[in-house]
Amino acid sequence: MNAETTNNVAASAEAADVPSIPVNRLRTKDLLGIAELSAAEISLVLDTAVAMKEVSSRPIKKVPALRGKTVVNLFFEPSTRTRTSFEIAEKRLSADTLNIAASTSSVVKGETLADTVHNIEAMSPDLLVVRHSSSGACHFLARICRSGVINAGDGMHEHPTQALLDAFTIRERKGRLAGLKVAICGDLLHSRVLRSNVLLLVKMGAEVWLCGPPTLVPTGFGRTGVHITSSVDEAVEGADAIMMLRIQLERMLGGYFPSLREYFNVFGMTRERMSRAKPDVLIMHPGPMNRGVEIASDVADGPYSVILDQVANGVAVRMAILYLLAGGAEHEAAA
Amino acid sequence: MKRLLRGGHLVDPVQGIDGVTDVLLDGERVAAVGRDLQVDADVEVVNVPVGCVVCPGFIDMHVHLREPGQEHKETIATGTAAAAAGGFTAVACMPNTSPVNDSASVTRAILEKAAVEATVRVYPIGCVTKGMKGESLSEIADLRAAGCVAISDDGRPVMTALLMRRALEYAGMFGIPVIDHCEEPSLKGEGVAHEGYTASMLGLRGIPSAAESIMVERNIALAEMTGSPVHIAHLSTRQSLRAVRAAKARGVRVTCEVAPHHFTLTDERLAGPVSYDTNLKMNPPLRERQDVDAILLGLRAGTIDAIATDHAPHQEDEKHVEFDRAPFGIIGLETAVPLSLDRLVHAGVLTMRRLVQLLSVNPARILGVPGGNLRPNRPADITILAPEVTTSVDVRQSRSKSRNSPFHGWTLKGAVAATIVGGRTVYVNQVVPNATVFGAAAGPA
Ligand SMILES: [Zn+2]
C-alpha cells in the first residue's frame with residue numbers, strides 16, 4: 001500500500017463563486033450503483049453536472065465546495081483513467097485527497113478488506129472512492145463505514161459514474177434520453193459498465209439493445225427490459241447512440257470466442273455497420289479501446305465519436321456526485 | 001429407572017401411530033408404547049405438556065462437525081450440543097475434516113471423542129477416495145468396520161464416472177450408500193451464486209442448475225447400472241428433482257435430501273435487504289422460486305427422502321469479507337426444525353407424519369442406523385416438538401461455535417421442546433411452557 005497526500009486548499013479558490021446548484025437530495029450517504037438511484041436522482045446528478053462543467057471551463061477551475069473535506073481514493077484494482085478523473089474532480093472542489101493503491105493481494109498478507117478500511121477510517125475521511133475486483137465490495141464497505149462510499153467500479157457489478165457520464169454525454173448532444181435507441185455491443189457478461197448503463201437507460205426511458213456473442217450474454221438479462229441480439233446490424237439499426245464495450249484480450253483464452261480476428265469480423269464496429277444507425281449517431285466507448293477488435297480505428301476517430309467528450313464529462317459528473325454527497329449538506333445547514 | 005411420557009401426541013409413522021399415546025422408557029430403551037399404559041408406583045411419570053408432539057428422534061444425515069482440524073469453527077462437543085438444541089438425537093458427520101476421514105484411525109478418533117463429549121449420537125461418514133483426492137478408493141471395508149455408515153467426498157463430487165462406478169460397486173458389497181455432492185466442476189467454474197437474473201444483475205459469477213443435474217443424472221445412471229444405492233446430497237434444483245423422480249419410478253436405488261435453506265430462501269434474497277450477505281453464500285447456491293416450489297412439491301410427494309441441514313460452520317471473520325472470497329456454507333442445526341414446522345407443516349405442505357419420515361424414519365433407513373421409530377426395545381431417542389410455540393432465532397444464543405446463519409432475527413412458528421437421547425434428556429427449551437417436566441438437560445453421555 002502506498003499513499004500520497006495533497007493539500008488542495010488554494011487561495012485562488014477563495015474568490016470563486018460557488019455555482020448555483022441544488023442541495024443534497026440523494027437519499028443515502030453512498031453512491032453504490034445506479035440500482036439504488038431513482039430517475040429523479042439521476043436527473044439531479046446530471047443537472048448538477050451541467051453546473052460543474054461550467055466550473056471546468058473557467059480560467060481558474062476551482063471552487064471551495066468541498067474545502068476541509070477529505071476524500072480517499074482507494075483503488076484495489078489499477079485504473080489510471082477513473083482514478084485521475086476522480087482526483088481532478090476532487091481538486092476542482094478543493095477537497096483534500098489521498099490516493100491509496102491497495103493490492104487485492106493484501107489478503108495474502110492476512111489483512112482483510114474490513115481491516116484495511118477500518119485503518120483508513122481512523123483518519124476520518126468524508127468520502128471513500130472505491131474500485132475493487134469483487135462485486136458487492138462497495139456495499140460491504142458502505143455497511144461497515146461511517147464515511148460515504150462511492151463505487152468507482154466493483155467487479156462485474158456496477159460502475160455508476162461511468163453510466164452517469166455516458167448519460168450526460170448523450171443528453172448533452174441529443175437533449176434527452178427518453179425514447180432514444182441505444183445499442184451496447186461487446187463483452188456483456190463481464191462488464192460493470194454495461195450493468196450500470198442498462199439500469200440507467202431503462203430507468204430514463206431509452207430503448208436499449210444489447211449485442212454480443214451468446215457466450216458473453218448474462219443469464220436472465222432479458223428481464224431488465226432490454227432487447228438482446230447477436231446481430232450487430234439489428235442492434236445498430238436506427239440507433240441514436242452506439243456504446244462499444246471493451247473485449248478483454250484474456251477472455252479469448254477462456255474460450256468465449258475463437259479468435260480476435262473472428263470477433264472483429266462478426267462483432268467489430270466498422271463504418272459499414274455504423275451506417276445502419278441514424279445519421280447523427282454517437283459512437284461511445286468507456287476506454288481503453290482495442291482498436292481493430294471491438295472498434296475500427298476510423299470509427300473511433302471519426303466525426304461521430306464522442307469518446308473524448310466522455311472523458312471530459314467524467315470530471316463534471318464526478319464533481320456533481322462528490323458535491324451531492326459531501327458538499328450539499330453543509331450548504332443546506334448554512335442556508 | 002423407568003420414565004413414562006404420558007398423554008403426549010405420538011407421531012410414529014413406522015408403527016402407524018398418530019395420536020395420544022404413552023411411551024414407557026426403561027433406561028436407554030423404549031419399554032412399551034400404548035394408550036393409557038399402567039405402570040408401577042416407582043415409575044417416574046412425566047405428563048407431556050398440552051400441544052407437544054412426541055416423535056422418534058430426528059437424525060441429521062449431513063453435518064460438518066469440523067473436528068478434527070478446524071476446532072475454531074466447531075467441535076464434536078459444540079456441534080452435537082447445537083444438534084440437541086435443534087431437536088436432533090443423532091448426526092452423521094461428513095469426512096472433509098483435517099485430516100479427512102479416509103482411514104479407520106480417524107473414524108475411531110471421532111467416535112472416541114464423541115463417546116466422551118457428544119450430546120447426541122455421532123455417525124461418521126468416511127471418504128470415498130483416499131485423501132478425498134478423487135483418485136483411488138479409500139479402504140471402505142476398514143471404514144465400515146470402524147463405524148462409518150456411508151461414504152462421501154462431500155464438499156466436492158466424486159470426480160470421474162469410473163471412480164463413482166467403482167465406489168458404488170464396492171460400497172454396495174457392504175450395503176452402505178455413496179453420498180454424492182453433485183456438481184460438474186467445469187460448469188460450476190468460479191461460480192459463487194445461482195446462475196440467473198439475480199446473479200447477473202449483481203455481477204456474481206453463476207453456478208448453473210445444470211452443474212448439479214448433470215451429476216445427478218450421471219449418478220442415477222451408475223446406480224442403475226450397478227444396482228447399488230446412491231444418495232444425492234443437498235439437492236437444490238427442479239431439474240435434479242425431475243431426474244430423481246423418473247429414476248425412482250423405474251426402480252433405481254436413489255435417495256435424496258434437501259436442506260432447509262433450499263426450501264425457504266431464493267436467490268433473490270442476495271439483492272437485499274442486506275445485499276451480498278455472505279450468510280447467503282452456500283453450495284449448492286440458493287436457487288430460483290421455481291426450484292423452491294418444485295422442492296416443496298417433492299417433499300410432499302415423497303420424491304425427497306430426507307431433510308438434512310448441511311450444517312457448515314465458519315467463523316465470523318471468514319464470512320466478514322467480499323462475497324466472492326467468503327467460504328460457502330451456513331449453520332443449520334438449530335433452525336432446521338422450526339423452519340420445517342413453519343414453512344412446511346404450518347404452511348400446509350406436509351403433515352406431521354410426513355415430516356417425521358423426512359427427519360427420522362428415512363435418514364435412519366438410508367444410513368442403516370438404529371432409530372426412526374419408537375418400537376419396544378429400540379433406543380429411547382425422542383424428539384419432542386411444540387408446534388404452536390414461537391421460535392425467535394438469535395444466533396448469539398447458538399450452541400454452535402459459529403454464527404453464520406441467514407435466519408438471525410427470524411420469527412418462526414414451531415419449536416423443539418426437548419430432546420432425549422438414550423432415555424436421557426439432553427435438551428430442554430425454556431421457552432416452551434412446562435417443558436421442564438422432561439427434566440434438566442444432561443450434558444454429554
Ligand atoms: Zn456438499
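**Salt bridges and a zinc site**

Me: What relative accessibility does Asp233(A) have, and how does Asp233(A) count?
Reply: Asp233(A) counts as partly exposed, at 29% relative accessibility. Buried stands for under 20% relative accessible area and exposed for over 50%, with partly exposed in between (1.4 Å probe, protein chains only).

Me: What sort of model is this, and how are residues and chains labelled?
Reply: This is a predicted model, in which local features need pLDDT of at least 70 and side-chain atom pairs count only at pLDDT 80 or more, while totals for chains, interfaces and linings use all residues. Residues are numbered from 1 along each chain as its sequence is written, chains are lettered from A and ligands numbered from 1 in the order in which they are written, and side-chain values use heavy atoms, with hydrogens and water left out.

Me: Back to Asp233(A): which side chain does Asp233(A) meet in a salt bridge?
Reply: The partner is Arg276(A), at 3.5 Å from N to O. Asp233(A) belongs to helix H8 (residues 232-236) of chain A, and Arg276(A) to the loop between helix H10 (271-274) and strand S10 (282-284) of chain A, so this pair ties together parts 43 residues apart in sequence. Helices (H or I, at least four residues) and strands (E, at least two) are DSSP runs, numbered from the N terminus.

Me: And what about the accessibility of Arg276(A)?
Reply: Arg276(A) is at 38% relative accessibility and counts as partly exposed.

Me: Which residue pairs with Asp309(A)?
Reply: Asp309(A) forms a salt bridge with Arg173(A), and the closest N and O atoms are 2.7 Å apart. This pair links distant parts of the chain, with Asp309(A) in helix H12 of chain A and Arg173(A) in helix H6 of chain A, 136 residues apart.

Me: What are the relative accessibilities of Asp309(A) and Arg173(A)?
Reply: Asp309(A) is partly exposed at 24%. Arg173(A) is also partly exposed, with a relative accessible area of 45%.

Me: Which residues of chain A are linked in a network?
Reply: Glu77(A), Arg131(A) and Arg192(A) are linked in a network of salt bridges.

Me: On to chain B: which side chain does Glu322(B) meet in a salt bridge?
Reply: Glu322(B) meets Arg325(B), at 3.5 Å from N to O. Glu322(B) counts as buried, at 3% relative accessibility, whereas Arg325(B) counts as partly exposed, at 34%.

Me: Changing topic: what are the protein donors of the zinc ion?
Reply: They are Asp154(B) through OD, His181(B) through ND1 and His234(B) through NE2, lying 2.0 to 2.2 Å from the zinc ion. A donor is an N, O or S atom within 2.8 Å of the metal (3.2 Å for Na, K and Ca); water is not among the atoms, so sites may look incomplete.

Me: What is the spacing of the zinc donor residues in sequence?
Reply: The spacing is D-x26-H-x52-H. Asp154(B) sits in the loop between strand S11 (151-152) and helix H4 (161-172) of chain B, and His181(B) in the loop between strand S12 (178-180) and helix H5 (185-188) of chain B, so the pair ties together parts 27 residues apart in sequence.

Me: Buried or exposed: what are Asp154(B) and His181(B)?
Reply: Asp154(B) counts as buried, at 2% relative accessibility. His181(B) is buried as well, with a relative accessible area of 3%.

How values were computed:
Salt bridge = Lys/Arg side-chain N within 4 Å of Asp/Glu carboxyl O.
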